[in-house]
Amino acid sequence: MQFLNQLTALYKKLTWTWNPGSDKEAGDAIVKNVLLHAFPNKVSKGSLSWKYSMYLGTISFVLFVILVVTGLILMFLYVPSVERAYSSVKDLEFVVSFGWLLRSLHRIAAHLMVAVVFLHMVRVFLTGAYKNGKSVGSNRPLNWIIGLGLLLMTLLLSFTGYLLPWDQLAYWAITVGTNIASSAPVVGDKIRFFLLGGNFIDQNALIRFYVLHVFFLPMIVVFLFVWHMWRIRKDGGLAVVDQEALTQKPEKVIPVKSKTYSLLGITNGSSVHVQTTMVNEEENSVASIPNLTRRLWLVTLGTIIVTVILSIIFRAPLEAAANPAVTPNPAKAPWYFLWLQEIVTISTIPLGFVTINGALIGGIILPTVMICLAVWWPYRDPSGINSVGVWFAPERKKQNRIFIIICLFIIIFTIIGTFLRGPYWNFYFPWEAWPTMPVKY
Ligand code: HEM
């Protein structure tokens, strides 16, 4: 009987059907719980909408957590040494119970994270959510820049993880990636040396990538993510609240000129009113618990289920052990850099005595220009307050179009690089057979 009671109590704890009786009860619960502290007591109905954010940022975070959990278990089994890395991954695949699933989960979650973070950025752009609205003290352009940092860290995390299996795929993808970096004028070779810890991909490079992958980069992601979330609260919530605010009357603040107040000497003011960063207060908002938390659990569960299913369907590949003497043809960068490899190839043009340096154009100049533009754009974007937090606002038609065209180029070039490029980077349709000399000695 006691066991049954314990089981019921456990079930209740896990399913957590608590509904707060009042705002105060909900507020108290949030203040007392460090995890729930991340949420405001109330959230606007608009920001809960599936159609607005599609919860892509949340999905990105859940994928990151899956990566951390599976990655920590992988650390018990993987050995970061040139002699043993490949065999430890092979053991995972063929000897360790469910090792293949663990590896597959980690790999699929990593691929999904790159794709979902990219889609999240596209959603933020198309909803004009990087612009300030009416919320007091908001600085959404800064949060966009923090987001760009997160995108860059996500790519680096994936890139550094790529080398670790130490198979042919890993070795040559990193060779292509770091060769592109070395095409920068003057400092190119130094950049490659810095990335690899030497002139070749060997033990120094492996341990460097490993330490970055399991410690420094995840730490930076955690730091940037906490800052990202904190900024959303400081910005008064998701940008969609600014549209709701436009339909509301501003709160009356009566300045009291005759007397000044001081809060423990930390801050002074002429009014005892504390200005809130939330523009909308009552009409459009509901308690975070359970309205937001319930949706977050649902998104978390959905993401885990999809990742597990995909991991079972698409097993992580493992090619032959890395061999610097055998160059696969074609040697491809990781898939999310293939659009750049494609640009590198088509912009390498021999003109008699000189050759236009495609690696410099596609590998250095273009990404640098794109990053600078992305950082600068939120400050330059001329669209008005009516288009903040709105999907495809008419006022932003032109810039949305240009942005979509750039994204389509990236996607199309990635597809071409992944599926339609064969030996010597020649174009092959999927139904065409490659010639039989894919390996160069
Ligand atoms: C690891 C990567 C990232 C994570 C985990 C993350 C997480 C989140 C989460 C949870 C939200 C709340 C809304 C939602 O779920 O969509 C959000 C909003 C936001 N994110 Fe990210 N994000 C990431 C990358 C990015 C990138 C690459 C950008 C843009 C370059 C970006 C810019 C923003 C902005 C501006 C908002 C506020 C959106 C609004 O007000 O509607 N984030 N992010």
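What you are looking at is a predicted model, where local features need pLDDT of at least 70 and side-chain atom pairs count only at pLDDT 80 or more, while totals for chains, interfaces and linings use all residues. Residues are numbered from 1 along each chain as its sequence is written, and side-chain values use heavy atoms, with hydrogens and water left out.

Let's start on the outside. Ile349, Leu351, Phe353, Val354, Ile356, Ile361, Ile365, Val369, Leu373 and Trp376 make up a nonpolar patch on the surface, and together they have about 980 Å² of accessible area. A patch here takes residues with over 30% relative accessible area and no salt bridge; like charges are joined within 9 Å, and nonpolar side chains (Val, Leu, Ile, Met, Phe, Trp, Tyr) within 5 Å. The areas come from the Shrake-Rupley method with a 1.4 Å probe, and for residues only the protein chains shown count as cover.

Which elements each supply at least two residues of this patch? They are β6 (349-351), β7 (354-356) and α15 (358-380). Helices (H or I, at least four residues) and strands (E, at least two) are DSSP runs, numbered from the N terminus. The largest share, five residues, comes from α15.

The scale is simple: buried means under 20% relative accessible area, exposed means over 50%, and partly exposed is in between (1.4 Å probe, protein chains only).

Helix α15 also has a kink to look for: it bends by about 30° at isoleucine 365, with proline 367 following within four residues. That bend is the angle between axes fitted to the seven residues ending there and the seven starting there.

The helix has a hidden side to its story too. Gly358, Ala359, Gly362, Gly363, Pro367, Ala374 and Pro378 are the buried residues of α15. Among the things covering them are α8 (140-163), α9 (168-181), α14 (338-346) and β7.

**Aromatic pairs**

Next, the rings. Rings of Phe, Tyr and Trp (its six-membered ring) pair if their centres lie within 6.5 Å; planes under 30 degrees apart count as stacked, over 60 as edge-to-face and the rest as tilted. By that rule there are 21 aromatic pairs. In one of them, the ring centres of tryptophan 166 and tyrosine 171 sit 5.9 Å apart with planes at 90°, so this pair is edge-to-face. Both tryptophan 166 and tyrosine 171 are buried.

Another edge-to-face pair is tyrosine 336 with phenylalanine 337, at 4.9 Å centre to centre and 75° between the planes. Tyrosine 336 is buried at 5% relative accessible area, whereas phenylalanine 337 is partly exposed at 22%. These two belong to an aromatic cluster made of Phe159, Phe209, Trp335, Tyr336 and Phe337.

**A buried serine**

Where does serine 387 sit? Look in the loop between α15 and α16 (397-419). Serine 387 is buried, with a relative accessible area of 2%. Leaving out residues up to four places away in sequence, serine 387 touches Thr127, Gly128, Gln243, Ala393, Glu395 and Arg396; contact means heavy atoms within 4.5 Å. Glycine 133 is 254 residues from serine 387 in sequence, yet their C-alpha atoms are 9.2 Å apart in space.

**Salt bridges**

How many salt bridges does a search of the whole structure find? There are eight, each with a side-chain nitrogen of Lys or Arg within 4 Å of a carboxyl oxygen of Asp or Glu. Here are some of them.

| Salt bridge | Closest N to O |
|---|---|
| Aspartate 28 and lysine 24 | 2.9 Å |
| Glutamate 93 and arginine 315 | 3.2 Å |

Aspartate 28 and lysine 24 are four residues apart in helix α2 (residues 23-32), so about one helical turn separates them. Aspartate 28 is partly exposed at 31% relative accessibility, and lysine 24 is exposed at 58%.

Glutamate 93 is buried at 8% relative accessible area, while arginine 315 is partly exposed at 42%. Arginine 421 lies in the loop between α16 and β8 (439-440) and glutamate 342 in helix α14, so their bridge ties together parts 79 residues apart in sequence. Arginine 421 and glutamate 342 are both buried. Finally, shared partners join Glu93, Arg103 and Arg315 into one salt-bridge network.
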